[in-house]
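Look through the sequence and the model shown here.

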Amino acid sequence: MPVHVFHHPLSLSHNPGPGHPESSERLAAILDELRGPSFEGMICWREASGANEHQLLRAHSESYLELLREVADRGGGRLDADTVMGRSSYEAAVVGAGAAIEAAKTALAGQPAFAAIRPPGHHALRDAAMGFCLLNNVVIAARAALEESGAGRVLIVDWDVHHGNGTQAMVETDPRIRYVSLHQWPLYPGTGRADERGVGNIFNVPRPPGLARSTYVGDLIAAVAFAVDGWRPDLILLSAGFDAMAGDPLAGFTLEPEDYPIWVGEWRRMGVPMASVLEGGYVPSRIRRAAGEHVRALAE
Ligand SMILES: [Zn+2]
């Protein structure tokens, strides 16, 4: 079954500055990989449209959206220690959120989907940018699925090596959403302890760096199985960062590109629609292969 890949040229125009790890080369490498001959016939390319204000306000405050527009209008600026906007960054974030929404809706309509976008989203808070993230794409997509597409339960699985503190903060009082995160501990952003449980809907799997690949893979599979026991989701949204791979400059997990299809293969057996949204991952030559293996698995 072809994978619907949602993208937009604006995603490449967001530039946080020279030497910043969250560069457009990351996404350019993934798009180049997916345009390769071995993916021919496997991908249905879709240009994303932007999320509307109403959809963004399900995750963020009006004053924060106004701040982002103001910073973009004056040509850009720094929002926190490592989150920088340029003139087109707000537009890039809005089409990124739109791509995530459309990927979720496409999955619910029966087709697997991947939002190949940046900036990433899972550190973004209701009122603040954080950790390279402006808008929380996966939460915006989850809420759209719940409010607009008739989904009753959404499972977010976050395998980015960092804890999605923004995602957790936004959903931890919303029992319609369950959030499972595998992440390095201790590490930025410093949240994600196993005893942070929300309303019983948060499932954190903090792990030290340097463990065997199979341990990380197995521990996330076990956590997802626990989270869905007696709670069948209508949609699985993947917060798909690829910075848990060996060699990533920001962290110390040990995954290889071949590990990502194991997760998708495992969860496909649930028979639940699955959509995926790009998060982090900072070695373009590595993440292109991982994202490619991931998309291949979604297509199976
Ligand atoms: Zn990350």
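## A pair of strands

Leu238 stands opposite Ser276 in β10. Strand β9 (residues 235-240) and strand β10 (residues 274-278) pair in the parallel sense over 5 bridges. Strands pair if DSSP finds at least two bridges between them. Strands are DSSP runs of E with at least two residues; helices are runs of H or I with at least four, and both are numbered from the N terminus.

This is a predicted model: local features need pLDDT of at least 70, side-chain atom pairs count only at pLDDT 80 or more, and totals for chains, interfaces and linings use all residues. Residues are numbered from 1 along each chain as its sequence is written.

## The sheet

β9 and β10 belong to an open sheet of 8 strands. The order is β2-β1-β5-β10-β9-β6-β7-β8, with parallel pairing. Which strands sit at the edges? They are β2 (43-47) and β8 (202-207), and each pairs on one side only. Neighbouring strands of this sheet are turned by 15° against each other on average, direction ignored.

Helix α8 (residues 260-268) packs with helix α9 (residues 284-299) at an angle of about 20°, and their axes are 8 Å apart. Axes are lines fitted to C-alpha atoms, for helices over the stretch in contact; angles run from 0 to 180 degrees between N-to-C directions. The two helices α8 and α9 are therefore roughly parallel (angles under 35 degrees count as such). Tyr260, Pro261, Val264 and Gly265 of α8 meet residues of α9, among them Ala290, Glu293 and Leu298. Contact requires C-beta atoms, placed from the backbone, to lie within 7 Å.

Helix α7 (residues 213-227) packs with α8 at about 25°, with axes 10 Å apart. That makes α7 roughly parallel to α8. On the α7 side, the contact is made by Val217, Leu220, Ile221 and Val224. On the α8 side, Ile262, Trp263, Glu266 and Trp267 take part.

## The whole chain

The protein chain has 9 helices and 10 strands. Its C-alpha atoms fill a box of roughly 50 × 45 × 40 Å, taken along the principal axes. Of the 300 residues, 53% count as buried, with 20 or more other C-beta atoms within 10 Å of their own, where C-beta atoms are placed from the backbone.

Key. Buried ≥ 20, exposed ≤ 12 C-beta atoms within 10 Å, placed from the backbone. Parallel < 35°, antiparallel > 145°, perpendicular 65-115°, else oblique. Contact = placed C-beta atoms within 7 Å.
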